[in-house]
Amino acid sequence: VFRILEPELTFSICVYHALITSTSVGYGDVPISSQGGRLWCCVHMVLSTMLFGLVLGRINACIQALWGSMASASDEQQLTDKDGQVPGSLQVSKDPLRRASAEFLSSLISEEKDVDKCSFVIGMLSKLELVNAREAEQVMEMFDAFDKKGTGKLLLSDLEAMQEVPWEQRLPKQED
């Protein structure tokens, strides 16, 4: 574009000017004499600065992703036993989800019992302190109270019946 707007400049000088201007150095050694050339120079500076920022942002994202994967590999402190094995109970993680999962799984294994999906989810959410286990149990009791056919699913008629009951009456009675 500079070559068209500034016919007295050679192609190599136009490329040089475009590169120097796009890196925001702009030595000022290549004069732009026409109004069209100056206007294009302003547009070129804005566009090239945006493109330069985009490229730097992408490079930064790649570096962050690389560092993030390195950090997650070293995120756990592992202690080995005499055989060089890492017992699950000795892995200490800085990630709350991993830590809660390890603690919860250890408690389930020590209790030697099977667990269904619902109990697992509520247990994990309780360990993460996102829900109160007792309140979750109350909601499950409410579900059971409205599951008239005992199918494990609330039918449309069950939901409509639940909607008719005031909130206070939906919750199971609290034991004192």
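Q: Which residue does Glu-141 form a salt bridge with?
A: In this predicted model, Glu-141 forms a salt bridge with Arg-134. The closest N and O atoms of the two are 3.5 Å apart.

Q: And is Glu-141 buried, partly exposed or exposed?
A: Glu-141 is partly exposed, and its relative accessible area is 34%.

Q: What is the closest N and O distance between Glu-137 and Arg-134?
A: For the salt bridge of Glu-137 with Arg-134, the closest N and O atoms lie 3.3 Å apart.

Q: How accessible are Glu-137 and Arg-134?
A: Glu-137 is partly exposed, with a relative accessible area of 38%. Arg-134 is partly exposed as well, at 35%.

Q: Why can such side chains pair?
A: Side chains of opposite charge can pair when their charged atoms come close.

Q: How many salt bridges are found in the whole structure?
A: A search of the whole structure gives two salt bridges.

Q: Changing topic: which residues make the nonpolar surface patch?
A: The patch is made by Leu-51, Phe-52, Leu-54, Val-55, Leu-56, Ile-59, Ile-63, Leu-66 and Trp-67. Its area is about 870 Å².

Q: Where is Phe-52, then?
A: Phe-52 lies in helix 3, which comprises residues 35–73. Phe-52 is partly exposed, with a relative accessible area of 45%.

Q: What about confidence: what pLDDT does the chain average?
A: The protein chain averages a pLDDT of 75, and 79% of the residues score at least 70.

Q: Which elements have the lowest and the highest mean pLDDT?
A: Strand 1, residues 76–77, has the lowest mean pLDDT, at 42. The highest, 86, belongs to helix 2, residues 11–22.

Q: Over which residues is the pLDDT below 50?
A: One such stretch is residues 72–81, which has 22 contacts in the model beyond near neighbours in sequence. Residues 89–93 also stay under 50, and the model has 13 contacts for them beyond four places in sequence.

Q: How should predicted coordinates be read where pLDDT is low?
A: Where pLDDT is low, the predicted coordinates should not be read in detail.

Notes. Residues are numbered from 1 along each chain as its sequence is written. This is a predicted model: local features need pLDDT of at least 70, side-chain atom pairs count only at pLDDT 80 or more; totals for chains, interfaces and linings use all residues. Side-chain values use heavy atoms; hydrogens and water are left out. Patches are made of residues with over 30% relative accessible area and no salt bridge: like charges are joined within 9 Å, nonpolar side chains (Val, Leu, Ile, Met, Phe, Trp, Tyr) within 5 Å. Accessible areas come from the Shrake-Rupley method with a 1.4 Å probe; for residues, only the protein chains shown count as cover. A salt bridge is a side-chain nitrogen of Lys or Arg within 4 Å of a carboxyl oxygen of Asp or Glu. Helices (H or I, at least four residues) and strands (E, at least two) are DSSP runs, numbered from the N terminus. Buried means under 20% relative accessible area, exposed over 50%, partly exposed in between (1.4 Å probe, protein chains only). pLDDT is the predictor's confidence in each residue, from 0 to 100. Contact means heavy atoms within 4.5 Å.
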